[in-house]
Amino acid sequence: AVLSRQQVLLVMANCEPVIDAVARLCTGLLGACDDLRVLATSREPLAVGGECRYRLMPLSLPGEDWDAGESEAIALFADRARRADARFTLDRETGPVVGRLVRRLDGLPLAIELAAARVEALGVGQLLDRLDDRFALLADANRLDTGRHRSLAATVEWSYLLLDDHQRRVFRRLSVFPGPFTLEAAEAVAGPGTRAAVPPRVDACLRTS
């Protein structure tokens with residue numbers, strides 16, 4: 001009743017754990033309020049009437065010949081590294097190492113931030129050398145961060161727990177791939193029902209890889 005008399009932008013973030021409830025809420029609110037707009041962030045579409053989807057792409061990665069000005073991933077790493085160590089500089093010596101590091105992390109913002117927080121203790125060279133054990137390495141001591149933001153392992157676990165049983169089985173079978181793969185390759189490994197188990201966001205990425 002209150003919202004129906006106002007022009008309102010309602011922001012709802014991280015909807016995926018309760019996506020069905022959010023979809024029902026949005027359907028009811030939008031049907032009752034003429035001047036209400038909802039901005040929702042989610043890994044999957046809400047799939048409600050009138051929904052317009054805007055896909056956020058991963059951070060841009062540098063090429064083999066790094067150029068800090070053209071890479072969002074390098075820019076994020078440098079910013080967070082300077083917060084951790086004011087002496088950090090991005091130059092011709094550290095730049096190529098940072099470029100390899102952010103490529104190894106697939107441009108994932110949380111992974112980049114956690115890695116940059118280790119710069120003061122390890123330096124970029126040791127960080128890159130230790131990435132094979134990234135789940136142990138990429139953890140944050142910030143007590144104010146939520147659990148899933150304090151380590152890469154916690155984030156992966158949180159994402160995994162959001163899947164249903166069938167999606168988890170497919171996810172485990174797809175772990176044989178060390179990098180990107182096509183939907184056809186996924187179906188060959190995980191068997192029938194793979195396409196239905198892959199969320200729409202991932203499905204679109206697979207079909208273009």
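Trainee: What ground rules apply here?

Mentor: Residues are numbered from 1 along each chain as its sequence is written, and side-chain values use heavy atoms, with hydrogens and water left out. In this predicted model, local features need pLDDT of at least 70, side-chain atom pairs count only at pLDDT 80 or more, and totals for chains, interfaces and linings use all residues.

Trainee: Which residue between β1 and α1 is found in the loop?

Mentor: Helices (H or I, at least four residues) and strands (E, at least two) are DSSP runs, numbered from the N terminus. N14 sits in the loop between β1 (8-12) and α1 (19-32). N14 is not a glycine, yet has a positive phi of about 55 degrees.

Trainee: Is D106 buried or exposed?

Mentor: Buried means under 20% relative accessible area, exposed over 50%, partly exposed in between (1.4 Å probe, protein chains only). D106 has 53% relative accessibility, so it counts as exposed. N14, at 38%, counts as partly exposed.

Trainee: How many disulfides does a search of the whole structure find?

Mentor: A disulfide is a covalent bond between the sulfur atoms of two cysteines. The test is a pair of cysteine sulfur atoms within 2.5 Å. The search finds 0. C33 is buried at 6%; C52 is exposed at 74%.

Trainee: At what angle do α2 and α3 pack?

Mentor: Axes are lines fitted to C-alpha atoms, for helices over the stretch in contact (heavy atoms within 4.5 Å). Angles run from 0 to 180 degrees between N-to-C directions. Helix α2 (residues 72-84) and α3 pack at about 110 degrees, with axes 10 Å apart. A73, I74 and F77 in α2 meet V98, G99, L101 and V102 in α3.
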